[in-house]
Amino acid sequence: MVSKAADDDFLFLAEDETNLEAETQSSGEWHLLIVDDDEEIHTVTKLALSDLLVLDRKLVFHHAFSGKEALKFLAQNPYIAVILLDVVMESDDAGLKVVQQIRDELKMDEVRIVLRTGQPGYAPEESVIKEYDINDYKTKTELTRNKLVTAIISSIRSYQQIRTINQNRIGLQKIINAGANLLEQHSLHEFSEGVVTQISSLIGLHAEGVLCAQIEDDGSSSDNIYVLGAAGHYAPYIKCKLERLNNNRIIQQITTCLAERRHIFTEKDTVLYLGNIDHAAAVYIETNRPVEDFDRQLIEVFLSNISIGYENVTLFQQLKHAAYIDPLTKTPNRNEFTSLLQETRRLDPARNVAVLIDIDHFSDVNDGLGQETGNELLIAITHRLVAQFGEIAQIGRIGADVFGLIGPEQALTPESLSGIFEMPFQCSEHSLQVNASFGFCRLRDSAMHGLTILKHVYIALNRAKKHLSQNFEYYSAQMEEQMVDRLVMLRSLRSDFQKDKLQLWYQPQICLKSGHVLGMEALLRWPQPDGSFISPAVFIPLAEYSGLIIEIGDWVLQQACKQLQSLRSQGFAHLRIAVNVSMPQFRNHRFVQSVIDCVERYQVDPALVELEITESVVMDDPKIVIAALNKLKTFGIKVAIDDFGIGFSSLSYLQQLPLDRIKIDRAFIQGFDLPNGTLIAETIVNLGQKLGLATIAEGIETQAQEDAVRAMGCQEVQGFMYAKPMTAADLVKFLSKSEA
C-alpha cells in the first residue's frame, strides 16, 4: 500500500517537467472530469494541466470526490472527453465499478478514461484494460507531469477519433434514411419538399424558411426560376416564380448558385446546388449561422445521392414500379391490386370475381416460430396460388397475411380455394397446416372504383371470419347497409354514453318460500328521444365489438354500488344486485381490480354484489374467466351463471367455476306447455342441488309456471308476474310497498 503522503510525491518531479510552447489561439474546449477522494489531487492535477492546449482547444476541469458523485455528474453532463479516475475511493474497486456503470448503464462509449491508483499491482494492467474500456492505467508514483500530459493528449485524440467515427456513422444513417424517404416520392413537388426538409434535419435545423427552386434556362435571371418545394413561412409560394418571394437576397443567392453551379455558405444562409446542366435546382436554407465543416461534408454526400435520383427519370419509373410490388412475394401489393380491380371492373365485370384470403391465426406462426418462418409460409402460399390460378387470375398480397385474387367466378370458388389449404405447407424444417377465410365479391355487384370494390370484399371477409359453420361469404349490398347502420348506431351509443344518457333499471328477484324480495338484476337501458328504448340485444353486442363495453361495464358497476349504498340508507341493507359481465371485460387486465376498487370505494358488502356471466363467456376463454372469478370470489363477490342450458355447456368447467347461483333461462320456462317441456328445467334444478348452488328461474309470467318451478325445488324467481324492470325511484316504491 502507498500512503497518501507518497501519493502526493507523484506530483510532477522537477526533472521531468517539459517546457511547452504557449499557444494563443483556441477554438472550443475539452472537458475533463477529475474523480478522486483526495482534494489535493484535484488541485495539483488542475495546476499541472492548466496551461495545456490540445488541438488548439483549452481544457475545462470538473470535479467529483466519489464514484457516486461522478456517476451523478456524468448522467447530467454527457459531454466529458476524458475522465481521470482514482481506483480506490469508497471501496478498493470503486473506480472499476464506476467504469462499468459508465459503459453499461450510462452508455457513454466515447469518453476516454485514465485510471490512477496509489496501489501498484492492485490489478494487472492488461486484464483491467481488457475487461473494462479504459484508455490508460497508471500508478500515481509513475505518473509524472510529462506522462500525464502525454496521457491526456492521447486520450483526447482517441476521443475525437471515436466521436468522428460515431458522427460519420450517424450521418450516414441519416443519409440512408433521408434517401429512402425521398426516393419514395413520385411527385416533383413532393420530392423537392422532401429535399429541403431532409437537409434541415441533417444539419440539425427546423425546416423554417427553406425552399427549393428549379431553373428552366441557363440561370442568368430569376424569371424562369420556380419554387418547387418549401417549408416554414415560404410554403405558400410553392409552384410560384422565385420573384414572388419579394426577397432580393434570396433571389440573388439562388440565381448565383444556379448560374455558377456551386454551393454558397455564408453567416446568414446556405445555398446548395443540385443536379446538372439539364436538371438544375438550388436549395436555400436560412441558417443564421455558418454550417460546420462536418455538416458540409454530410450535405455533399447527401446531395450526390439525391442528384442521381433527381436526374434519372428511369430511376423514378423503377421506383414507381417498386411502389406497386410486394417485395416478399413479388406480386402486386395493395395499391396495384386496387388498380387491377378497377380496370377489371371497367373491362369485364360480368364474369369476374374478387377474392380476399385471410390466413387464420397467422400471428401464432410469427410469434411461435419466428418472422422468418412466417415469411416462408407466405411465399409457399403464394407459390401454390400461382401454380393453381396463375394463368387465369391476378394474384396479389394486400396485407400482412391477406392475399387477393381477381379472376373468373367459375374458377375462383370456395371449394377450389379451400383446396389450396388442404395439404400442409413446408417451411424449412416445419410442416404447417393452416386454414383460411375467404371473402368474395362479384364485380358486377360492386362499384366502379377500385377502393370501393376492395372495401366490399373486406366486408364479406369480415363476415366470413365470424361464421361458425363456413369459412366464406359473398358480398351483398345489404351487408354494407347493415354495417353503416351499425356504425351509425355505435357512434350514437358512444355519444349518448358520454352524455350520461344511458340508464340502469332493476328487476326484483323473489324468494319462492317467503315471497320477499332478495335482490335485483341490474338491466341496462338506452332511451331514445321519442321515448322508445333500443334493445340491449342490439346494442350490447355493438359495445362488446367496439370495446366500449369496458367503460360501460365500469359505469354499470358503479351505479349498482351507488344503488346498494342508497338502499342501505333507506332501510334495505339486505338486498343484493346482480350485474351482467361480458367477455371483453374479463380480457381487460384491470377488470378484477376495478371491481374490487369499486366495491371498496362505495363501502358496500361484497356479498351483495353478484356478477352474472353467460355460458358463452365461460366457453370463450375458460382459463381467463375462472382465474378472474376465483380472485373475486376470494374477495367475497358472488357469482351466478346466466342463461344456463342455452349454450354448449361443459360440465367440467362448470365444476371449476366458483358459482353461487344458476339461472334457468326463460326459454325453458316458456316451453313448459310442450311435451316433456319441464324436463330441462328440472335437470338444471337437480344439478344445482347436487352442486350446492341456489337456482333462480327467470321469465316467470303465470301462476302455473311458478307452481311448476316450486315443485321442482327452485328457490328463487324473477319475471313479469312479480315486477317488470323499473327505474331506481320506482324500485324504492316497490320495495316499500312489498315490505309494508
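Predicted model: local features only at pLDDT ≥ 70, side-chain atom pairs only at ≥ 80, totals over all residues.
1. Two strands count as paired here if DSSP finds at least two bridges between them.

2. If you want a pair to click on, Ile34 has Leu84 in strand 4 as its bridge partner.

3. Next, the largest pocket, with about 1,000 Å³ of space. Its lining takes in 40 residues, and the closest to the pocket centre are Glu521, Pro536, Ile540, Asn580 and Asp642. Several elements give two or more residues to the lining, among them strand 20 (517–527), helix 17 (536–546), helix 18 (548–569) and strand 24 (638–644).

4. Now to strand 26 (residues 694–698). How many of its 5 residues are buried? The count is 5 of the 5, so the strand is largely enclosed by the rest of the structure. For that count, buried means under 20% relative accessible area. In a regular strand, side chains alternate between the two faces of the sheet. Strand 26 is covered on both: Ala694, Ile696 and Glu698 are buried on one side, Thr695 and Ala697 on the other.

5. What does strand 26 pair with? Strand 25 (residues 661–664) pairs with strand 26 in the parallel sense over 4 bridges, with Ile662 opposite Thr695. Strand 27 (residues 716–718) also pairs with strand 26 in the parallel sense, over 3 bridges, and here Ile696 stands opposite Glu716.

6. Between strands 26 and 27 comes helix 26 (residues 703–712), and the three together make a right-handed β-α-β unit. In helix 26, Gln705, Glu706, Val709 and Met712 are buried. These residues cover an arc of only 125° around the axis, which puts them on the same side of helix 26. Ala704 and Ala711, on the other side of the helix, are exposed.

Conventions: Residues numbered from 1 in each chain as written. Heavy atoms only, no water. 1 Å grid on protein atoms, 1.4 Å probe; cavity = no way out; pocket = protein on both sides within 12 Å on 5 of 7 lines; lining within 4 Å. Points joined across faces, edges and corners; volume = space filled by probe spheres on them. Buried < 20%, exposed > 50% of the residue type's maximum accessible area, 1.4 Å probe, protein only. Right-handed = clockwise from strand over helix to strand, strands pointing away. Arc of directions from axis to C-beta.
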